[in-house]
Amino acid sequence: MDRRTLLAGAALLPVSARAAAMTSPAAEPDWDAIAAQFDMTREVVQLEHGNWGMMARPVLAAYQEQVARVNRDTSYYARRTMIGDLQAVEARVATSLGVSPDEIVLTRNATEALNAAIGRYNKLRPGDALLYSDLDYDSMIACCDSLEKTRGVTIHRIAIPEPATWQGVIDAYVAAFDANPKIRLVLLTHLGHRTGLAIPVREIVAIARSRGIDCIVDAAHSVGQLDFALPDLDADFVGFNLHKWIGAPLGCGVLYVRKGRVADIDPDPGEGSAAPDSLRARVHTGTVDYAAQLTLPAAIDFQEAIGSANRATRLRALRDRWVRPLRGVAGIEILTPDDPRMHGAITSFRLTGRSTSEANMAVAKALLEQHGIFTVYRGGVAGGACVRVTPALATRMEDVDRLVPALRALAAG
């Protein structure tokens with residue numbers, strides 16, 4: 001039985017077997033077969049997968065089973081065996097990330113995880129400084145800004161240079177550290193939601209650490225989009241999502257804190273019942289979607305059957321499919337470099353001379369109404385607003401191909 005025949009009966013297989021059926025260890029994955037595992041709308045060409053990820057059919061089936069169980073058994077399950085099941089889920093997540101279970105705690109999203117890390121980081125003193133960039137996420141920026149009032153710190157902001165290079169990004173942070181010797185904390189976004197730029201986190205963390213500066217890393221978009229393990233970043237504090245590029249149900253995030261650093265984050269005031277020295281005490285979520293968390297092993301199984309390197313290669317290929325023919329075309333500015341270390345699936349563009357939010361909203365609207373292609377505009381970039389293009393594993397090459405003539409037409413018009 002070949003893979004296509006096997007896939008026709010995939011719904012009858014266990015989750016792990018369904019995922020494994022899509023790949024062959026001796027060959028490149030069958031990307032059309034993988035795309036067929038996602039029930040994606042065909043009303044438009046969907047090139048905006050950055051908001052949250054789509055569950056593959058086997059993951060959705062597992063989630064529906066867990067919803068039914070939690071709904072049926074309620075507290076009879078929750079007060080007897082669910083805690084053990086959730087601990088097993090955390091252990092599975094930790095193993096997939098390459099860290100210890102006591103170094104992570106499940107959250108509802110990266111924003112909740114990072115707000116806990118930033119807002120309750122307790123080593124800042126009045127007069128210290130905090131650094132972030134124009135490509136960091138709005139909620140994280142707002143949380144950093146709040147420390148000006150609550151902790152008496154000074155806020156510094158840099159603009160990531162355009163066009164960006166690996167060394168140029170490092171140099172920008174070094175220059176900021178040199179110019180502001182009171183910086184004690186820096187927010188780093190591994191892969192930015194505005195332009196898709198991936199920055200050299202490990203190198204910047206090492207430089208910052210040598211100067212007594214801590215780094216809190218936003219990996220909301222990089223986990224599952226880039227090929228790396230969490231220890232590769234060598235960061236002490238990281239927040240990220242599992243409902244974006246890992247394809248878990250909505251409401252699944254993680255806070256990672258390296259062993260020995262938990263005490264540098266104050267406990268959540270609402271978490272009085274937890275062990276005060278545990279990472280769990282740093283996040284208080286209340287009642288969450290337990291079914292979503294219990295589905296995480298199914299989502300991880302699906303992704304691991306594909307393979308991290310295979311997935312990252314595919315996502316870059318989808319991105320390169322539209323970027324390469326448009327790079328250098330008059331009137332189109334591609335904001336993310338072609339260095340494979342510095343991008344995944346996400347890349348943004350702006351049309352020359354159209355840098356306002358209103359102009360880029362109009363470009364996204366024209367792509368949708370004139371060409372049937374769904375994208376999203378992004379503001380906040382120092383060089384001007386842009387339009388973000390985000391393919392995913394559900395995307396086929398022919399979907400991306402439609403973007404090239406559409407952008408040529410808009411640039412010429």
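Analyst: Happy to. On a 1 Å grid over the protein atoms alone, a cavity is a set of points where a 1.4 Å probe fits but cannot get out. Grid points are joined across faces, edges and corners, and a volume is the space filled by probe spheres set on the points. The largest cavity here has a volume of about 140 Å³.

User: Which residues are the closest to its centre?
Analyst: M54, K244, W245, A392 and L393 are the closest to the centre, out of 14 lining residues (those with an atom within 4 Å of a point).

User: And by class, what is in that lining?
Analyst: Seven nonpolar, five polar and two charged residues. Nonpolar here covers Ala, Val, Leu, Ile, Met, Phe, Trp, Tyr, Cys and Pro; charged covers Asp, Glu, Lys and Arg; the others, Gly among them, count as polar.

User: How many cavities of 30 Å³ or more are there?
Analyst: Four.

User: Before we go on, what are the ground rules?
Analyst: This is a predicted model, so local features need pLDDT of at least 70 and side-chain atom pairs count only at pLDDT 80 or more, while totals for chains, interfaces and linings use all residues. Residues are numbered from 1 along each chain as its sequence is written, and side-chain values use heavy atoms, with hydrogens and water left out.

User: Are C144 and C215 buried or exposed?
Analyst: C144 is buried at 2% relative accessibility, and C215 is buried at 5%. Buried means under 20% relative accessible area, exposed over 50%, partly exposed in between, with a 1.4 Å probe and protein chains only.

User: Now the sheet. What is the strand order?
Analyst: β2-β8-β7-β6-β5-β3-β4, an open sheet of seven strands with mixed pairing. Strands (E, at least two residues) and helices (H or I, at least four) are DSSP runs numbered from the N terminus, and two strands pair if DSSP finds at least two bridges between them.

User: Which are the edge strands?
Analyst: β2 (104-107) and β4 (154-158), each pairing on one side only.

User: In what sense do β7 and β8 pair?
Analyst: Antiparallel, over five bridges, using residues 237-241 of β7 and 253-257 of β8. F240 stands opposite V254 in β8.

Key
On a 1 Å grid over the protein atoms alone, a cavity is a set of points where a 1.4 Å probe fits but cannot get out, and a pocket is an open set with protein on both sides within 12 Å along at least five of seven lines; lining residues have an atom within 4 Å of a point.
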